Amino acid sequence: MRFSAIKGLAETKRFLLGSLRKNHIAHAQLFLGPEGSANLAMAIAYVTYLNCENRDNDACGVCAACQKMEKFIHPDVHYVFPVSATKTITGKDVVSDSFLKDWRQFLSQHVYGSLSDWSYSFGGENKQLNISKEESRNIIRKLSLKAFEGNYKAVIIWMPEFLHPAAANGILKILEEPPEQTIFLLVAHDVDRLLPTILSRTQLVNISAFTDEEIARTLVEKNYLPEHISEEQIGQVAHMAEGNLTEALRLLNDAKAPSHRMFHEWMRLCYKNDIMHLAGESTFFQQHGLDNKKVSWMEYFGKMGKESQKSFLRYGLSMMRETLMVYVVSEVAGEPEQATMGLQRLYGDDLKFVTNFSKVMNFDKVERITHLLNEAYYHLERNASAKILFMDLSLKLSDIFTQN
């Protein structure tokens with residue numbers, strides 16, 4: 001990963017390059033950026049540059065160090081990230097080193113991926129992830145050894161928000177006074193979830209969200225696009241993603257996914273207050289080869305992985321936001337059709353759904369539904385029963401729709 005592979009962020013790149021040229025390299029830096037930003041990619045590119053044997057305005061990309069960084073196997077660069085127990089990895093083995101093969105594959109496929117993407121990639125989507133106390137012991141042990149071949153030893157801690165308090169306290173001393181030629185790069189999304197003792201020991205490097213143009217260029221140049229997608233649709237996806245490259249990829253991949261059509265039909269059934277269909281008889285199940293007599297909506301929700309359930313609710317929240325936009329514009333314009341003429345954020349089934357849905361909604365209903373979806377998301381994160389949660393949510397949505 002080189003700086004040139006990351007679109008935009010010229011000012012941040014100049015700052016990082018300048019710190020090295022002036023020999024003002026902070027031993028602990030916090031790369032803070034929103035989800036879907038280039039904070040992890042920038043941290044990896046920075047370490048690649050530091051250890052490059054022929055660097056200029058960027059890493060050369062061809063020396064031995066650059067080649068190893070490209071494969072994420074440089075012996076002096078250590079990765080720490082949230083993990084959880086699996087069927088084959090339990091107890092004290094639940095540390096980053098046990099998942100390095102999965103981690104390297106994850107980074108090679110999409111270095112801008114989210115925590116849910118990572119969780120799904122190694123099979124931990126139904127578990128709570130964290131960085132354990134055992135991990136802090138491993139960090140101290142690794143840094144007690146001399147560098148193998150690089151100019152710098154580096155520890156990249158992805159998502160330090162998930163540091164167990166004991167792990168965070170365990171690395172405070174070495175974070176403040178690391179061995180010579182050793183740097184810590186913490187890559188985070190939410191500064192409010194970081195311990196003050198961690199924050200006080202790091203230099204902040206703000207990583208801004210991508211612009212729409214940068215997202216569109218990345219989608220095209222990285223060949224992330226599905227077949228038969230137009231330039232207009234690429235622009236719509238980039239705009240909808242709001243600077244989040246991970247969300248842009250999710251929008252592209254989910255355009256044909258059953259979860260979106262599932263949400264559309266689920267809302268229609270709640271609107272009709274059709275409890276019988278919610279109990280099992282549904283065209284959604286018929287279209288996807290599921291037995292209506294054996295599968296109900298609530299059972300289907302329950303069998304979805306936790307991250308899939310959360311993604312389903314996030315999509316619902318985005319549909320409520322778009323519905324509100326169409327409703328407000330239609331109130332001003334006087335005609336719903338005029339409202340959708342300026343709605344360039346959606347296309348296909350999503351546009352059709354929002355256009356029709358906005359006709360039976362108002363500000364109060366959108367606000368109440370949004371609150372319910374946020375509340376459901378909160379409880380899912382705290383291991384609520386998905387079957388009970390979605391049944392309760394369905395009944396409450398039906399109640400909202402039946403009120404004038």
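Tutor: We'll go from the overall picture to single residues.

Student: Great. What should I know about the model before I start?
Tutor: This is a predicted model, in which local features need a pLDDT of at least 70, side-chain atom pairs count only at pLDDT 80 or more, and totals for chains, interfaces and linings use all residues. Residues are numbered from 1 along each chain as its sequence is written, and side-chain values use heavy atoms, with hydrogens and water left out.

Student: How many helices and strands does the chain have?
Tutor: There are 21 helices and 5 strands. Helices here are DSSP runs of H or I with at least four residues, strands are runs of E with at least two, and both are numbered from the N terminus.

Student: And what share of the residues is buried?
Tutor: Of the 404 residues, 52% count as buried. Buried means under 20% relative accessible area, exposed means over 50%, and partly exposed is in between, with a 1.4 Å probe and protein chains only. As for contacts (heavy atoms within 4.5 Å), 74% of those with a separation of 6 or more join residues 24 or more positions apart.

Student: What about confidence? What does the chain average in pLDDT?
Tutor: The average is 83, and 86% of the residues score at least 70. That score is the predictor's confidence in each residue, from 0 to 100. Among the elements, β2 has the highest mean pLDDT (96) and helix α15 (residues 283-287) the lowest (48).

Student: Where does pLDDT stay under 50?
Tutor: One such stretch is residues 288-295, with 14 contacts beyond four places in sequence. Residues 338-342 are also below 50, and that stretch has 6 contacts beyond near neighbours in sequence. Where pLDDT is low, the predicted coordinates should not be read in detail.

Student: What is Tyr 79 in contact with?
Tutor: Apart from neighbours within four places in sequence, Tyr 79 touches Ile 44, Met 69, Phe 72, Ser 96, Trp 103, Leu 107 and Ile 156. Ile 157 is 78 residues away in sequence, yet its C-alpha is 6.1 Å from that of Tyr 79.

Student: Trp 103 and Leu 107 are in that list. Which residues of helix α4 are buried?
Tutor: In α4 (residues 100-109), the buried ones are Leu 100, Trp 103, Phe 106 and Leu 107. Seen down the helix axis, they fall within an arc of 120°, so they line one face of α4. That arc is taken from the directions from the axis to the C-beta atoms.

Student: Which elements do they pack against, and what is on the face turned away?
Tutor: The buried residues of α4 pack against α2 (39-51), β2 (77-80), α5 (115-122) and β3 (153-158). The face turned away from the buried side carries the exposed residues Lys 101, Ser 108 and Gln 109.

Student: Changing topic: how much space lies in the largest pocket?
Tutor: About 1,200 Å³. On a 1 Å grid over the protein atoms alone, a pocket is an open set of points with protein on both sides within 12 Å along at least five of seven lines, a cavity is a set where a 1.4 Å probe fits but cannot get out, and lining residues have an atom within 4 Å of a point. Points are joined across faces, edges and corners, and a volume is the space filled by probe spheres set on them.

Student: What lines the largest pocket?
Tutor: It has 40 lining residues, with Glu 35, Lys 310, Arg 314, Tyr 377 and Glu 381 nearest the centre. Helix α17 gives the most, 11 residues. By class, the lining has 14 nonpolar, 11 polar and 15 charged residues. Here Ala, Val, Leu, Ile, Met, Phe, Trp, Tyr, Cys and Pro count as nonpolar, Asp, Glu, Lys and Arg as charged, and the others, Gly among them, as polar.
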